[in-house]
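Colleague: I would like to learn how to read helix packing, ligand contacts and backbone exceptions in a model. Could you take me through them one at a time?

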Amino acid sequence: MTGMIPFYRPAIGDEEIAEVVKSLASGWLTSGPQVKRFEQAFAAYLDVRDAVAVSSATAGLHLALDGLGIGPGDEVITTDLTFTATAEVIRYVGAEPVFCDIDPATLNISPAAIEAKITPRTKAIIVVHFAGYVCEMDAIIGLARRNGLAIVEDAAHTLPASSNGVRVGGFETDAAVFSFYANKPITTGEGGMVVARDPGLVARMRVSRLHGIDRDTFDRYGSSGPVWQYDVVAPGYKYNMTDIAAAIGIRQLAKVDDFHAERLRAARLYDRHLEGLPLIRAPRPAEARDHSWHLYIIQLTKESRIDRDQLIMALFRAGIACSVHYTPLHRLSFWRRTYGLSPEDFPNAEKVFQNCISLPLFVGIKEEEIAHVADAIRRLTI
Ligand SMILES: *Cc1c(COP(=O)(O)O)cnc(C)c1O
């Protein structure tokens with residue numbers, strides 16, 4: 001094996017490059033016809049009515065909470081084991097995050113953990129389909145309805161996973177937010193997409209993503225004469241997607257099923273090559289399509305000869321780049337200090353964190369590379 005096996009490598013082909021060149025040559029660089037095309041193709045792929053393209057998933061999560069009217073005095077329940085963006089957006093709108101421990105079998109927030117944290121001030125839940133494993137949505141939707149809570153899905157990892165034959169984005173929740181960051185299931189460099197079922201929420205998000213400018217007014221004047229009049233109906237943000245990014249996204253989306261098939265193949269190869277080692281293999285749902293396989297996360301067991309940090313270092317020296325997803329929020333100083341979080345409150349997330357490693361997984365990874373990673377882990381842990 002020559003050279004480093006990277007943790008991740010985006011799959012950008014000639015089609016993406018040609019589409020970007022087309023956008024650049026068209027003279028229309030920021031939000032325009034390519035963004036419209038991308039939104040329509042994305043909505044069609046998920047079989048939903050509306051998709052709103054934004055500059056990042058973080059922006060999309062913020063717009064969703066803002067558009068749902070979550071604000072000061074409200075509590076939003078979310079998971080301790082996630083990227084900081086999931087929780088930071090709760091602060092953007094002035095609400096208070098309330099953190100749940102995870103279910104060790106799935107690494108996801110569980111309906112029981114959510115239920116235990118509900119107070120009269122709880123207004124919403126942000127679930128994260130962690131690593132691409134879809135949460136128990138029937139139960140979560142049921143408890144949200146019983147308690148009058150909104151649900152926002154952080155689906156940054158989850159395109160194109162499904163549950164009961166429905167793709168994430170098509171569930172009966174308030175909003176689902178996808179990320180197109182460089183290492184996400186499809187990429188636009190930076191970017192995100194929000195899907196929502198309530199036309200009012202969709203309209204609010206469309207206005208808020210571009211300075212609160214009332215597009216209908218804009219279009220009304222723009223279509224029949226010189227385009228200069230507009231109204232501002234909300235304070236708004238600068239969260240629009242560029243046409244250059246959308247050009248990449250259109251071509252990436254066309255390959256999403258192929259990408260998924262490759263990730264699934266890689267996950268199955270890891271399952272096979274890692275059999276019998278002192279580790280817990282990546283949690284998997286019964287149905288293969290119910291996981292996007294964005295990440296393949298193993299957890300070392302007590303039988304391993306070396307610990308997690310030592311293994312990452314030794315793999316790196318052997319030319320294999322791994323990562324950790326994530327340092328739980330209870331270990332990050334801002335969240336720990338501000339909310340008085342401690343490891344005892346999150347025993348499952350803490351235990352996973354101490355033992356977990358995310359293995360290289362990307363479109364185009366070869367079986368020999370996967371076998372090489374597994375051999376190195378065998379040599380180092382037994
Ligand atoms: C990547 C990620 C985000 C943020 O996505 P951006 O598009 O970079 O803003 C949010 N939540 C999770 C779980 C993520 O992995």
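This is a predicted model: local features need pLDDT of at least 70, side-chain atom pairs count only at pLDDT 80 or more; totals for chains, interfaces and linings use all residues.

Colleague: How is a pair of packed helices described, and at what angle do H1 and H9 pack?

Modeller: In general, two packed helices are described by the angle between their axes and the distance between the axes. Here helix H1 (residues 14-26) and helix H9 (residues 243-253) pack at an angle of about 150°, and their axes are 8 Å apart. That makes H1 roughly antiparallel to H9, and the crossing of the two is right-handed.

Colleague: Which residues of H1 and H9 meet?

Modeller: On the H1 side they are Glu-15, Glu-16, Glu-19, Val-20, Lys-22, Ser-23 and Leu-24, and these meet Asp-243, Ile-244, Ala-247, Ile-248, Arg-251 and Gln-252 in H9. Sorted by class, this contact has five nonpolar, two polar and six charged residues.

Colleague: At what angle do the axes of H2 and H9 cross?

Modeller: The axes of helix H2 (residues 33-46) and H9 cross at roughly 30° and come within 8 Å. H2 and H9 are therefore roughly parallel to each other, and their crossing is left-handed. From H2 the contact draws on Pro-33, Gln-34, Val-35, Arg-37, Phe-38, Ala-41, Phe-42 and Tyr-45, while H9 supplies Asp-243, Ala-246, Ala-247, Gly-249, Ile-250 and Leu-253. By class, the contact of H2 with H9 has 10 nonpolar, two polar and two charged residues.

Colleague: How are H3 and H4 arranged, and how far apart are their axes?

Modeller: Helix H3 (residues 57-67) packs against helix H4 (residues 84-92) at an angle of about 40°, with the axes 9 Å apart. That makes H3 oblique to H4, and H3 passes H4 in a right-handed crossing. The residues in contact are Thr-58, Leu-61, His-62 and Leu-65 of H3, together with Ala-85, Thr-86, Glu-88, Val-89, Ile-90 and Tyr-92 of H4. By class, the contact of H3 with H4 has six nonpolar, three polar and one charged residues.

Colleague: Turning to the ligand, which residues around it come nearest?

Modeller: There are 16 residues around the ligand, and of these Thr-58, Asp-154, His-157, Ser-179 and Lys-184 come nearest. Thr-58, which also belongs to the H3 side of the contact with H4, has a side-chain N or O atom 2.5 Å from an oxygen atom of the ligand. In the side chain of Asp-154, an N or O atom is 2.7 Å from a nitrogen atom of the ligand. For Ser-179, a side-chain N or O atom is 2.7 Å from an oxygen atom of the ligand.

Colleague: Which peptide bond is cis at Pro-160, and where is this residue placed?

Modeller: As background, most residues other than glycine have a negative phi, and most peptide bonds are trans. The bond from Leu-159 to Pro-160 is cis, with omega near 0°, and Pro-160 is placed in the loop between strand E5 (150-154) and strand E6 (162-163). The peptide bond from His-325 to Tyr-326 is cis as well, with omega near -15°, and Tyr-326 is found in the loop between helix H11 (308-317) and helix H12 (333-339).

Colleague: What is the phi of Leu-107?

Modeller: Leu-107 is not a glycine, although its phi is positive, at about 70°. This residue is in the loop between strand E3 (96-100) and helix H5 (111-117).

How values were computed. Residues are numbered from 1 along each chain as its sequence is written. Side-chain values use heavy atoms; hydrogens and water are left out. Axes are lines fitted to C-alpha atoms, for helices over the stretch in contact, and angles run from 0 to 180 degrees between N-to-C directions. Helices (H or I, at least four residues) and strands (E, at least two) are DSSP runs, numbered from the N terminus. Angles under 35 degrees count as roughly parallel, over 145 as roughly antiparallel, 65 to 115 as roughly perpendicular and the rest as oblique. A crossing is left-handed if the near helix is turned anticlockwise from the far one by less than a right angle, and right-handed if clockwise. Contact means heavy atoms within 4.5 Å. Ala, Val, Leu, Ile, Met, Phe, Trp, Tyr, Cys and Pro count as nonpolar, Asp, Glu, Lys and Arg as charged, and the others, Gly among them, as polar. A residue is near a molecule or strand if one of its heavy atoms lies within 4 Å of it. A polar contact is a pair of N or O atoms within 3.5 Å; within protein, one must be able to donate a hydrogen and the other to accept it, and residues adjacent in sequence count only if both atoms are side-chain atoms.
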